[in-house]
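Hi,

Here is the structure I promised to pass on. Have a look, then read my notes on its charged residues below.

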Amino acid sequence: HQTQDSTMPFYTIFDDVDHFDRVSFRADSYQLEAFRQMDFATAMDGEVGKVIKGSDNIHARYLPLIWRVCADKARHYVKRPTRTFATSSDAQAIKLDELYARSRVDRFMLEAQQKSIAQNCVIITVEPTQDPRKVRLNSWIPAEVEIESKDLLESDLRNVESLKLKTPVASDGHNVHFGRRVYTKDEAYIEHGKERIGIFNEEGTNPLGYIPAILVRNVEPPKGWLLPRLPLDLLSVQIGLIIGMSDIENIVRLKCMGREVVTGDNAKFEASKMSASPHGIFALNGEVSYQAASIDPRIDRYLQAIETTIKLLANFRYVSPDAVWTSNSLTGAAKMIERSDMMEDKQRSETLWQDAEQDLVELIADIARIGPSALTVQAPTVRVNYHYLEPMTNDLQNAQAAALRYSLGLASAIEDVAIREGVRQEEAAEMIESRLQQYKDAINSWKDSEGKIQPPAGIDSIAASMLPR
């Protein structure tokens, strides 16, 4: 208690209650996901009318800001990463690698990471399929989740009491009906009405003994809550951008074309006879004057406010401003600082998803063990190296720099090819050997009957052979 000064507030830190608006939380989560999926009709339903009165004549102009931010920040799986599995045998590692490839894990993880940007977290579940060579992976947003946990500081979904997920169970062509996918440490089933269908077996039991789900959180939630708060900064700016640009277009359409004005004693009578058409000629009687008045609304300030908001969002979110608004105002030094900040943010994200990859490989190995494949992998570990698309550079300078790194033992051709192509080092070695053999075959094809190399014809020779003589 704080009682030193009667003018100061009296409070206790141990009897506090944190209230949570579950309805608003779910609505915001669904809206964020609708924007990410570019379902603008659903996401913007009623939003314009909240800001602009008499908005019936405003045509909304949809702009995918949230989709662009998610695509820009979720880049780990755009290019296939290199995974190195460590198991009890090389044969198990190869089978695990094949299971990942057939299950399209990289494609799934790209979508999951994009969801995590839009929601600040994502839930991943794995289950067996009828095909013994693959598993099914699903991702869920916070609006689709209900969690019960006795330990309110627990952050691992595998240790909570129960997990319930909103899942589609039926479709009649125009409507999709949803049920609940329920996981406990003892049970795993899909529930719709009074019907229950087992996920792992007909009995609906859970042979794993834990809940097969992974939670990836970009930010930490308040104590006592398992899921973090939603990124309402993205949501508010996305809605404001669409409303602002739609309003600007409406202002330009209504205000910039000008108005005809008639003044004088007989103005009302003369105006009633005038046709508002660009093809007519006005003949006015009496002491009446006519003029055309144009309005120049200051939409430049409106645009400047929108641009400033988006640039601030991009700066705080470590997104390149050029990705969301064209700008050439940054100096070279400023761009280097900006790139350094983005690299730090990327490294933080890599650490997060590398930990998630380890949780995922353990879960996939357990699911494969109880599924049709009956693949037994003991204590698997995975090391993930991410690769990113790089802009075009000078090939000659890159080759010279690479040759220097190889000579100093700082890198190797096999490592560079593995990173560039997103493959394992064994595959990279095979690719290099194949390419060298192709080059050798090409050189041999240039030799004449005496064994001398005749280089292929250059551009001048080819052009000369095509001209008539």
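Start at Arg 158. Arg 158 is buried, at 17% relative accessible area. Keep in mind that this is a predicted model.

Arg 158 has a salt bridge to Asp 156, with 3.0 Å between the closest N and O atoms. Asp 156 is partly exposed, at 23%. Arg 158 also meets Glu 362 in a salt bridge, at 3.4 Å from N to O. Arg 158 sits in the loop between strand E4 (145-148) and strand E5 (162-171), and Glu 362 belongs to helix H11 (residues 332-370), so this pair ties together parts 204 residues apart in sequence. Glu 362 is partly exposed, with a relative accessible area of 29%.

How many salt bridges does the structure hold? The count is 28. Another of them joins the side chains of Arg 75 and Asp 72, at 2.6 Å from N to O. Arg 75 is partly exposed, at 41%.

There is also a salt-bridge network. Its members are Arg 80, Arg 83, Asp 106 and Glu 357.

Now the surface. Which residues form a positive patch there? They are Arg 102, Arg 104, Arg 107 and Lys 134. Lys 134 is in the loop between strand E2 (121-128) and strand E3 (135-140). Its relative accessibility is 34%, so Lys 134 counts as partly exposed.

Best wishes

Technical notes. Residues numbered from 1 in each chain as written. Predicted model: local features only at pLDDT ≥ 70, side-chain atom pairs only at ≥ 80, totals over all residues. Heavy atoms only, no water. Patch = residues over 30% accessible without salt bridge, like charges linked within 9 Å, V, L, I, M, F, W, Y side chains within 5 Å. Areas by Shrake-Rupley, 256 points an atom, 1.4 Å probe, with all protein chains shown as cover. Salt bridge = Lys/Arg side-chain N within 4 Å of Asp/Glu carboxyl O. Lys, Arg positive; Asp, Glu negative; His and termini not counted. Charge placed at Lys NZ, Arg CZ, Asp CG, Glu CD. Helix = DSSP H or I, 4+ residues; strand = E, 2+ residues; numbered from the N terminus. Buried < 20%, exposed > 50% of the residue type's maximum accessible area, 1.4 Å probe, protein only.
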